[in-house]
Amino acid sequence: MRILIALIAGALFGTGLLVSGMTDTTKVQGWLDLFGAWDPTLAFVMGGAILPMLIAWRMTNRRQPIAGGQFPSPPRPELDRRLIIGSALFGMGWGLVGLCPGPAMASLSYGGLGGLLFILAMITGMFIAPGLGAQLDRAANPT
Amino acid sequence: MDASWVMGLLGGLLIGLGGAVYLLGNGRVMGASGILGGLVDGSARSESAERLAFIVGLIGMPLLMRPLIAPQSETHLTENLLLVVVAGLLVGVGTRIANGCTSGHGVCGISRFSLRGIVATLIYIAAGALTVLALRHILGVI
């Protein structure tokens, strides 16, 4: 059940990324290019994606997940250096070539060698991130 | 003005629907970097199978659907493979340290009015816009 639900969710996510044009790096970089030929598409994608999620979060108030278990706990309020530095690094990579994790995976079948290389580099980054995160914490709280 | 904003809105609704299915079905936040990253660093543990199923759907559906609905779509990724590798490393490290990307912090975080999601989204958009400004308009690299 959980596996079928995850498969359907991934399929919807991938189809949405393909249909919206978000696997096209020129559209993403065009949206980030505030000082050039700005492309507004990404704002419509973000807005369109947030609408069903607004309703879904509202529905978590009075039921359980269909496949059992618990809904995610409420979001933490605190802003720490991991969130800020990590998001800044992510944004730099995103702007550099116009790919983030979802579209990178969704376009694997037509992204060519470069797309595959991006995913391998991203996986490498994900592998070393816990160590780097721990160093960041030590730099924040020297003992 | 072409129809790309209509397709953007339509695609966005499908993305949000996927997130709603994942949340209401499995009780999980649909974040691409978290789902993949948990498999990579071994923190996923018992949820490996459903994460793999999500990724199979995410990669497999565009493979099947592209010839039918968007045969002309391309990624137009830069041919500078050094840039690709540097960007991939930054995205991998950054999303895992920040615990989220465009789908997790962006779509799922903003829609539950999470301060962390909103701040993360503002920061990665600002960093992305500054990167494009610097490398496209000042250095002329991308």
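**Note on the two-chain helical model**

1. The axes of H1(A) and helix H1 (residues 4-26) of chain B come within 7 Å and cross at roughly 165 degrees. Angles over 145 degrees count as roughly antiparallel, so H1(A) is roughly antiparallel to H1(B). The crossing of these two helices, H1(A) and H1(B), is left-handed. In the contact of H1(A) with H1(B), the residues divide into 15 nonpolar, nine polar and one charged. The model under discussion is predicted, and this applies to every point of the note.

2. By class, the contact of H6(A) with H4(B) has 20 nonpolar, six polar and one charged residues.

3. Turning to the interface as a whole, 103 residues of chain A are in contact with 101 residues of chain B. On the side of chain A that touches chain B, the elements giving two or more residues are helix H1 (2-20), helix H2 (25-32), helix H3 (41-59), helix H4 (81-97), helix H5 (101-106) and helix H6 (112-140) of chain A. That side of chain A comprises 67 nonpolar, 31 polar and five charged residues.

4. Chain A has a secondary structure of six helices and zero strands. Read from the N terminus on, the elements of chain A run α-α-α-α-α-α. Along the principal axes, the C-alpha atoms of chain A fill a box of roughly 50 × 45 × 30 Å. Chain A has 143 residues, of which 51% count as buried. Among the contacts in chain A with a separation of 6 or more, 47% are accounted for by residues 24 or more positions apart.

5. Chain B likewise has a secondary structure of six helices and zero strands, and the elements of chain B run α-α-α-α-α-α from the N terminus on. The box filled by the C-alpha atoms of chain B, taken along the principal axes, is roughly 45 × 40 × 30 Å. Of the 142 residues in chain B, 58% are buried. For contacts in chain B between residues at least 6 apart in sequence, 42% join residues at least 24 apart.

6. The expected span is 1.5 Å times one less than the number of residues, so the 17 residues of H4(A) should span 24 Å; the end C-alpha atoms of H4(A) are 25 Å apart, which agrees. H4(A) is mostly covered, with 13 of its 17 residues buried. H4(A) is also among the elements that give two or more residues to the side of chain A touching chain B. Just after H4(A), Gly98(A) takes a positive phi of about 85 degrees.

Technical notes: Residues numbered from 1 in each chain as written. Chains lettered and ligands numbered in written order. Predicted model: local features only at pLDDT ≥ 70, side-chain atom pairs only at ≥ 80, totals over all residues. Contact = placed C-beta atoms within 7 Å. Helix = DSSP H or I, 4+ residues; strand = E, 2+ residues; numbered from the N terminus. Nonpolar A, V, L, I, M, F, W, Y, C, P; charged D, E, K, R; others polar. Buried ≥ 20, exposed ≤ 12 C-beta atoms within 10 Å, placed from the backbone. Axes fitted to C-alpha atoms, helices over the stretch in contact; angles between N-to-C directions. Parallel < 35°, antiparallel > 145°, perpendicular 65-115°, else oblique. Left-handed = near helix turned anticlockwise from the far one by under 90°.
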